[in-house]
Every structure is written in structure tokens, then in C-alpha cells.
Amino acid sequence: SILDLLAALPIVESSNVNLEKRGELAGFIRGEVEFRDDSSLLFFRELIDLRLPLQKVMYAYQYQKADGTLIFRYDNTAHHKSVSTFPYHKHLKDRDVTTSAVPSLEQVLREIEELISQG
């Protein structure tokens, strides 16, 4: 579960996660995570199709400094049609956009954990 994952990671200072059922077939997850380095935040949202197998319909994971400066963002907004994994892509801090598979929240958190440990 998301809450268990966040509670288990030593880099997480605090989190606020909202789980919402939207009709019989959709769930919406929205959250904000503050990290122990006091300099970064993760904002995320996922729209999930609840039919089995579960599938992400929409997602965005934005990792940024506390002052709002982007570090990276994964999303599947239908722009950047030139990216070979369209609509799935990753925005980088230098405004570049690159290919990306659909990440899980755990993969995003592990990437952040590695960036924080590198200082």
C-alpha cells in the first residue's frame, strides 16, 4: 500500500495522501511528500481504472525543490508527440523531455532516495 511504503522510507519527513473513489470503476490518488532533506517535495496524482488488472489512466509525479524549482516530473499528458514513448515521458530540470515507461510510485521514491543520498 502507498501509506505503508511512505512510512517505511527513512527519507520521508511527512506525507499527506488522499484516496478517493470516483464511481464504480475509477479511483483517484493524490499526495504530497516532504523529505528529510528539507529541500524537496513530491506531488503526485494517479487516476486508476479499478477493473482488473488495475491500470493507470492518468499520472503525474513532480519532484521539486522547496522553492518550486523542478527536479523532474513524470506524466502522461498528451503533449510532446515527438517522444517515442508518447504519451509517457519525463521532464528534466533543464527543461528537456525524455522517454519514459510508466513508473510506479515506489520507483519514483527510490529515484528520489538515490538523488538525496548523492547530496
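Biologist: Let's start with one residue. Where is His80 found?

Modeller: His80 sits in the loop between strand 5 and strand 6. Strands here are DSSP runs of E, at least two residues long, and helices are runs of H or I, at least four, all numbered from the N terminus. This is a predicted model: local features need pLDDT of at least 70 and side-chain atom pairs pLDDT 80 or more, while totals for chains, interfaces and linings use all residues. Residues are numbered from 1 along each chain as its sequence is written, and side-chain values use heavy atoms, without hydrogens and water.

Biologist: What is the phi of His80?

Modeller: Its phi is about 60 degrees. That is a positive value, although His80 is not a glycine.

Biologist: Is His80 buried, partly exposed or exposed?

Modeller: Learn the scale before the case. Buried means under 20% relative accessible area, exposed means over 50%, and partly exposed lies in between (1.4 Å probe, protein chains only). His80 has 31% relative accessibility, so it counts as partly exposed.

Biologist: On to peptide bonds. Which kind of peptide bond joins Leu52 and Pro53?

Modeller: A cis bond, with omega about -5 degrees. Pro53 lies in the loop between strand 3 and strand 4. Leu50 is placed in the loop between strand 3 and strand 4 too. Leu50 has a relative accessible area of 34%, so it is partly exposed.

Biologist: What is omega for the bond from Phe86 to Pro87?

Modeller: Omega is near 5 degrees, and that bond is cis. Look for Pro87 in the loop between strand 5 and strand 6.

Biologist: Next, the inside. How many residues are in the largest nonpolar core?

Modeller: A nonpolar core is a set of buried Ala, Val, Leu, Ile, Met, Phe, Trp, Tyr and Cys residues joined through side-chain atoms within 4.5 Å. The largest one here has 23 residues. Phe35, Leu42, Phe44, Tyr61, Leu109 and Ile112 touch the most other members. At least two residues each come from helix 1 (2-8), strand 1 (12-22), strand 2, strand 3 (40-49), strand 4 (55-65), strand 5 (70-75) and helix 2 (105-118).

Biologist: Which element gives the largest share of this core?

Modeller: Helix 2 does, with four residues.

Biologist: How do I read a salt bridge?

Modeller: Side chains of opposite charge can pair when their charged atoms come close. The cut-off is a side-chain nitrogen of Lys or Arg within 4 Å of a carboxyl oxygen of Asp or Glu.

Biologist: How many salt bridges does this rule count?

Modeller: Eight. One of them joins Arg73 and Asp75, with the closest N and O atoms 3.1 Å apart. Arg73 has 22% relative accessibility, so it counts as partly exposed. Asp75 has 2% relative accessibility, so it counts as buried.

Biologist: How far apart are N and O in the salt bridge of Lys90 and Glu111?

Modeller: The distance is 2.6 Å. Lys90 lies in strand 6 (residues 89-92) and Glu111 in helix 2, so this pair ties together parts that are 21 residues apart in sequence.

Biologist: Why does Lys90 count as buried?

Modeller: Because its relative accessible area is 13%. Glu111 has a relative accessible area of 23%, so it is partly exposed.

Biologist: Where do Glu106 and Arg110 lie?

Modeller: Both are in helix 2, four residues apart, about one turn of the helix. Glu106 is partly exposed, with a relative accessible area of 39%. Arg110 is also partly exposed, at 39% relative accessibility.

Biologist: Which residues are linked with Glu106 in a network of salt bridges?

Modeller: Arg110 and Glu113.

Biologist: Last, distances. How far apart in space are Leu3 and Asn16?

Modeller: They are 9.3 Å apart, C-alpha to C-alpha, and 13 residues apart in sequence. Leu3 is in helix 1. It has a relative accessible area of 47%, so Leu3 is partly exposed.
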